[in-house]
Amino acid sequence: MGQKQWASRVGFLLAAAGSAIGLGNLWKFPYLMGRNGGFTFLIVYLAFVIVLGLPVMMLEMGLGRYSGRDPVQTYKMVHPKAKIVGIFGVIAPFIILSYYSVIGGWIIKYIISYAATFAAPADFNAFISSNETILWHLLFMVITIAICCMGVGGIEKASKVMMPALFVLLIIVMIRSVTLEGSSEGLRFIFEPKGGFTLSSINAALGQVFYSLSLCMGITITYGSYLPKNEDIPKSCGIIAGMDTALAICAGVAIFPAVFVFGLEPGQGPSLIFGTLPNVFNAMPGGVAFAIAFFILVFFAAVTSAIALFEVVVSFAIDSWGWSRKKSVAIMGALIFFLGIPSALSFGALGDVTILNYSVFDFIGMITDNILLPVGGILMCYFIGWKFDINKLADEIEVGSAGFKVRKLWISCIRYVAPILLVIVTLSGFISVYNTIVG
């Protein structure tokens, strides 16, 4: 078995849900709903959760518990040539955390700014263009390192505090947002079935499932390696996917009514959170208190995802290289911090530097989003579905559950449905890269 097991089922579920619930849930999912048919998009998204998200999540969780090892050692056990899938599954979190931590640093800056001056930084663009961002990036990494240094127990304790607090704070902000005069416009933007649902909308829903549930990032394998045999994997995966989707919808209810009330542009992405939402809080009675609550919940969402990404890398160093946890955490944390410095500077000192028409920050994200993750997913389905005795994995998933009634359907999903959908995600990603390069 892995280095240590989860102390409780609740702790595991909150940690696993926290790994999936990240910054993208807070702005991207509700925006995609609004731009791609509203309620229609939600139904299609849920369908893809069922046919892609849940089968792949069950595969990774079952595989992690079956091996009790990190992703590289796990796939090495599956097939000698499958080791590359595990390598992709470790490199991707390493790279993702390097720029995710930069955004995490921005969040800390905003919390401290509101607490100290009762206002956000005066100019968001000026702030991210300054070298100061490196210090906040460092602080976020130090927090992530400190939690992971305590091992599985530290991750579990942090998740037990942060995840319930996140939901409570989100409910508070939701109530304030929907009670604003004119908030119904934002709710209609998200939920009203409408035109605009096209083939690109289907692709958007598919891609969002893949990234929102943290598929093929090594996280579910790593967390699964700490699972006891009596854990009901299908039920747990359903709960995690449900919590992830529920929070994304709640985030839309919390943010978009206010966005429309104050006449803001809903498609701004991360700059919506840092650049324009502070203007909303400024115009609200008691806005500073709600701003602090909002950015704390964003911080919790960021940290629970960051510790999951980091634990994949740490688990690899412990299992594959035989390092102690403290050595793994210190060295890998330092390397990730240094890798993130160019991303932190890509809006300022390195603002004129581009790689294939991408900024440094966007290029780092492109490598993982468009290459490592989807290609790794296709290879995963190939090796598990066709080169490994998939019935062994089905048996593992069945252990601890009240019967794996969709066993045959699950096998068909892994062998046929998931690879096709992952090829679509991959091709879409490569087309996006091509358009950026030639554009």
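Contact here means heavy atoms within 4.5 Å. The model is predicted.

Start with the overall build. The protein chain holds 18 helices and 2 strands. Its C-alpha trace spans about 60 × 50 × 50 Å along the principal axes. A compact globule of 439 residues would have a radius of gyration near 22 Å, and the protein chain, at 21 Å, agrees with that. Of the 439 residues, 59% count as buried. The accessible surface comes to about 16300 Å², and carbon and sulfur atoms own 68% of it.

Now turn to helix H4, residues 71–78. Which of its residues are buried? They are Pro71, Val72, Thr74, Tyr75 and Val78. Viewed down the axis of H4, these buried residues fall within an arc of 160°, so they line one face of the helix. The spacing has a simple background. An α-helix has 3.6 residues a turn, so residues three or four places apart point the same way. What covers the buried residues of H4? The cover includes helix H3 (39–67), helix H5 (83–117), H11, helix H14 (287–321) and H16.

Tyr31 sits in helix H2, residues 23–35. Leaving aside residues up to four places away in sequence, Tyr31 touches Phe189, Phe256, Pro266 and Gly267. Gly252 is 221 residues from Tyr31 along the chain, yet their C-alpha atoms are separated by 7.5 Å.

Next, the aromatic rings. A search of the whole structure finds 32 aromatic pairs. One of them joins Trp6 and Tyr226. Their ring centres are 5.9 Å apart and their planes stand at 75°, so the pair is edge-to-face; the cut-off for that class is over 60 degrees. Where do the two residues lie? Trp6 belongs to the segment before helix H1 (9–20), and Tyr226 to the loop between helix H11 (219–224) and helix H12 (233–261). The pair therefore ties together parts that are 220 residues apart in sequence. Trp6 is buried, with a relative accessible area of 6%. Tyr226 is buried too, at 0%.

A second pair is made by Phe347 and Phe361. Their ring centres are 5.2 Å apart and their planes at 55°, so this pair is tilted. Phe347 lies in the loop between helix H15 (325–345) and strand S1 (354–355). Phe361 lies in helix H16, residues 360–387. Is each residue buried or exposed? Phe347 is partly exposed, with a relative accessible area of 32%. Phe361 is buried, at 12%.

Phe347 and Phe361 also belong to one aromatic cluster.

Arg176 lies over the face of Phe290, at 5.9 Å from the ring centre. The charged end of Arg415 sits over the ring of Trp386, 4.9 Å from its centre.

Go back to the strands. The loop between S1 and strand S2 (358–359) contains Leu356. Asn357 lies in that loop between S1 and S2 as well. What marks their backbone? Leu356 has a positive phi of about 55° although it is not a glycine. Asn357 has a phi near 70°, again a positive value in a residue other than glycine. Leu356 counts as partly exposed, at 47% relative accessibility. Asn357 counts as partly exposed at 45%.

Finish at Val438. Val438 is found in helix H18, residues 407–438. At 53% relative accessibility, Val438 counts as exposed, the threshold being over 50%. Between Val438 and Asn25 there are 413 residues of sequence separation and 30 Å of space, C-alpha to C-alpha.

Key. Residues numbered from 1 in each chain as written. Predicted model: local features only at pLDDT ≥ 70, side-chain atom pairs only at ≥ 80, totals over all residues. Heavy atoms only, no water. Phe/Tyr/Trp six-rings, centres within 6.5 Å; stacked < 30°, edge-to-face > 60°. Helix = DSSP H or I, 4+ residues; strand = E, 2+ residues; numbered from the N terminus. Buried < 20%, exposed > 50% of the residue type's maximum accessible area, 1.4 Å probe, protein only. Lys NZ or Arg CZ within 6 Å of the ring centre and 35° of its normal. Rg over C-alpha atoms; globule rule 2.2 N^0.38 Å. Areas by Shrake-Rupley, 256 points an atom, 1.4 Å probe, with all protein chains shown as cover. Arc of directions from axis to C-beta.
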